[in-house]
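Hi,

Here is the structure I said I'd pass on. Have a look first, and my notes follow below.

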Amino acid sequence: MNYLEIDKNHLWHPYNSLPTKSPIRAVKKTKNCKIYLEDGQVLIDGMSSWWSAVLGYNNKKVFKALKKQGKKMPHIMFGGLTHTPAAKLAKTLVKLTGFPSVFLCDSGSVSVEVALKTAILYQKAKGKNKHTFLALKNSYHGDTLGAMSVCDPQTSMHSLYGDYLSKNIFVEAPALGFNGDYSEALEDLEKTLEKHHEKIAAFILEPVVQGAGGMRIYNPKYLEVAKKLCEKYDILLIFDEIATGFGHTGELFAFMHTNIKPDIITIGKALTSGTMTMAAMLTSKDISDTITNSEIGVLMHGPTFMANPLACSVANASIKELLKLNWKNKVKDIETIFKKELEVLKSNDKVLDVRVIGSIGVVELKDDRNALKLQEFCVQNGVWLRPFGKLFYSIVAYTISKKELEKVCKTMVKAVQSL
Ligand SMILES: *Cc1c(COP(=O)(O)O)cnc(C)c1O
């Protein structure tokens with residue numbers, strides 16, 4: 001069977017044409033931080049499958065949990081029924097995040113949809129007609145229409161969808177840098193809130209690191225001021241931690257870099273360490289109580305595969321493995337290596353900026369036309385990276401060896417130098 005041919009004729013790939021114009025590689029298997037291609041090549045994984053495979057691939061304990069649950073009960077509807085894997089996961093997530101009300105769903109985008117709906121229902125329950133959202137420029141919150149309506153209008157191509165997309169309000173994102181000056185962004189936020197607060201249900205943002213919309217690291221203090229302003233105007237604060245969650249920024253959740261808590265968080269990606277699709281929305285008790293005790297009474301959302309037992313079991317095993325891993329020190333070591341190895345690119349004339357936080361290393365180039373060239377260079381040299389636009393970045397599993405990570409970094413450096 002020539003499945004590369006079948007793929008080419010029949011399968012859409014992310015953000016692509018059919019057939020795809022860029023090269024597609026067939027993967028045979030994975031193991032920890034290695035990807036084995038059908039053609040015999042072995043690549044060190046510098047992407048952790050888009051923030052998700054934090055334990056590396058094929059973790060034995062996670063697989064054991066999957067098998068065990070598969071024998072017992074792969075799936076059961078969550079309407080009117082419940083099960084141990086879901087209860088166990090809720091207990092763990094409540095303990096780790098401090099948010100007591102949990103909605104389990106199947107993908108990050110859906111958890112964002114649920115968060116937006118929850119915010120509107122909460123405001124309605126309080127007798128307020130607030131249906132608009134505030135978001136940051138450069139944001140990314142998913143690809144479904146609601147989630148997309150709070151993504152950066154330019155990078156997510158809002159104009160293609162015309163009136164179909166809800167109109168939301170965007171403010172300047174804080175300037176770059178974990179200790180960066182956020183005064184301009186704050187000024188914009190203050191002005192915008194003053195003008196539009198009456199219609200804004202919630203402010204949604206990715207805390208500390210904006211991911212797919214620009215790989216931008218910013219000052220957590222901005223979040224503390226934003227929280228105060230939201231309180232002043234009765235606006236809910238939603239932190240989308242789908243990318244930042246589970247240790248990537250050096251704290252278990254990025255909001256833990258601050259002294260505040262938002263009202264709602266969304267998590268996904270690394271929740272099952274990249275083994276199965278699953279996400280969640282968590283809220284304060286005030287939010288679940290307010291909706292429940294109002295005339296509305298219910299949160300009107302219920303995916304078919306909500307709280308899928310297989311995915312819950314995998315999430316339970318993944319979180320257990322993560323907490324056993326001494327992940328905080330490992331992420332710190334990864335950060336140190338990224339900083340040391342990528343430093344040389346700061347003075348490269350093709351490079352605009354080099355920035356690192358936790359398990360994330362980013363090289364922003366001046367030119368946005370070299371992504372494919374860089375990717376091909378890396379694959380030729382045994383490393384899997386997938387730059388987009390100006391952003392050449394790596395997010396690695398916490399189980400990566402020092403040698404493997406150094407190879408990833410050195411390949412990034414050589415790739416940029418080869419331009
Ligand atoms: C990936 C991502 C999403 C969307 O999650 P999917 O599982 O791809 O639907 C939403 N928000 C952020 C911050 C993300 O990084």
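This is a predicted model: local features need pLDDT of at least 70, side-chain atom pairs count only at pLDDT 80 or more; totals for chains, interfaces and linings use all residues.

Residues are numbered from 1 along each chain as its sequence is written, and side-chain values use heavy atoms, with hydrogens and water left out.

Let's start with the backbone. Most residues other than glycine have a negative phi, and most peptide bonds are trans. Tyr-15 isn't a glycine, yet its phi is positive, about 50 degrees. You'll find Tyr-15 in the loop between helix 1 and strand 1 (helices are DSSP runs of H or I, at least four residues; strands are runs of E, at least two; both are numbered from the N terminus). Pro-19 lies in that loop too, between helix 1 (3–10) and strand 1 (27–31), and a cis peptide bond joins Leu-18 to Pro-19, with omega about -5 degrees. Asn-326 also has a positive phi, near 60 degrees, and lies in the loop between helix 10 (309–324) and helix 11 (327–342).

Now for the inside. The largest nonpolar core has 125 residues, and Leu-93, Leu-189, Phe-203, Tyr-222 and Phe-392 have the most contacts inside it. (A nonpolar core is a set of buried Ala, Val, Leu, Ile, Met, Phe, Trp, Tyr and Cys residues joined through side-chain atoms within 4.5 Å; buried means under 20% relative accessible area, with a 1.4 Å probe and protein chains only.) Helix 5 (residues 108–125) gives the most to this core: eight residues. A second, separate core has six residues, including Ile-35 and Val-379.

Cheers

Note on methods:
Buried means under 20% relative accessible area, exposed over 50%, partly exposed in between (1.4 Å probe, protein chains only).
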